[in-house]
Amino acid sequence: MKIIFYSSKPYDEIWFTPLCADYGYTPIYLETKLTEKTAALAADADAICAFVNDDLSSKTIEALHICNVKSILMRCAGFNNVDLKAAEGKLVVLRVPILKVIQTPAASFSEAKIYLTVTSLGTVF
């Protein structure tokens with residue numbers, strides 16, 4: 001399964017690459033923001049993973065649908081930027097219901113490790 005990560009940051013690769021490997025998914029990380037025009041970069045991907053500032057308007061959702069994308073995975077708790085009505089019957093939309101941040105003890109803030117516990121992608125499809 002191929003998942004395109006839009007608006008990707010280096011920490012996304014740190015966390016999602018091992019998770020994807022555990023389930024046999026192929027992640028592709030793009031720094032570009034998801035828009036109607038950049039949706040074509042997801043051609044033939046099974047899913048896209050979007051963040052809070054990505055554009056998931058009806059035009060972008062239609063462009064993803066034309067590219068045969070099956071699911072929108074939000075890596076944030078909200079989905080107010082997703083046109084759910086436009087996605088209905090075309091793409092499955094999933095979000096993180098709870099985001100739990102845990103900070104481990106460290107000698108300084110720069111050495112702190114922050115772990116994000118998110119819903120496993122293993123049962124999505």
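I looked up D46 first: at 22% relative accessibility, D46 counts as partly exposed. My cut-offs are under 20% relative accessible area for buried, over 50% for exposed and partly exposed in between, with a 1.4 Å probe and protein chains only. This is a predicted model, so I take local features only at pLDDT of at least 70 and side-chain atom pairs only at pLDDT 80 or more, while totals for chains, interfaces and linings use all residues. Residues are numbered from 1 along each chain as its sequence is written, and side-chain values use heavy atoms, with hydrogens and water left out.

**Salt bridges**

How many salt bridges does the structure hold? I find three, taking a salt bridge as a side-chain nitrogen of Lys or Arg within 4 Å of a carboxyl oxygen of Asp or Glu.

D46 forms one of them with K70, the closest N and O atoms being 3.7 Å apart. D46 sits in the loop between β2 (26-29) and β3 (47-50), K70 in the loop between α2 (58-66) and β4, so the pair ties together parts 24 residues apart in sequence. K70 is partly exposed too, with a relative accessible area of 47%.

Next I checked E62 and K90, where the closest N and O atoms are 2.5 Å apart. This pair also links distant parts of the chain: E62 is in helix α2 and K90 in the loop between α3 and β5 (92-94), 28 residues apart. E62 is partly exposed at 30% relative accessibility, and K90 is partly exposed at 34%.

Then R75 with D12, closest N and O atoms 3.3 Å apart. R75 is in the loop between β4 (71-74) and α3 (84-87), D12 in helix α1 (residues 10-23), and 63 residues separate them. Are these two buried or exposed? Both R75 and D12 are buried.

**Elements and sheet**

I count three helices and seven strands in the chain, as DSSP runs numbered from the N terminus (helices H or I, at least four residues; strands E, at least two). From the N terminus on, they run β-α-β-β-α-β-α-β-β-β.

In what order do the strands of the open sheet lie? Its five strands go β2-β1-β3-β4-β5, with parallel pairing; two strands pair if DSSP finds at least two bridges between them. β2 and β5 are the edge strands, each pairing on one side only. I get an average twist of 20 degrees from one strand to the next. β3 and β4 pair over four bridges, and A50 stands opposite M74 in β4.

α1 lies across β1 (2-5) and β2, at about 165 degrees to β2.

**Packing**

Of the 125 residues, 34% count as buried. Leaving out residues up to four places away in sequence, L64 touches L34, A39, A42, I48, L56, V69, I72 and L91, a contact being heavy atoms within 4.5 Å.

Terms used: Axes fitted to C-alpha atoms, helices over the stretch in contact; angles between N-to-C directions.
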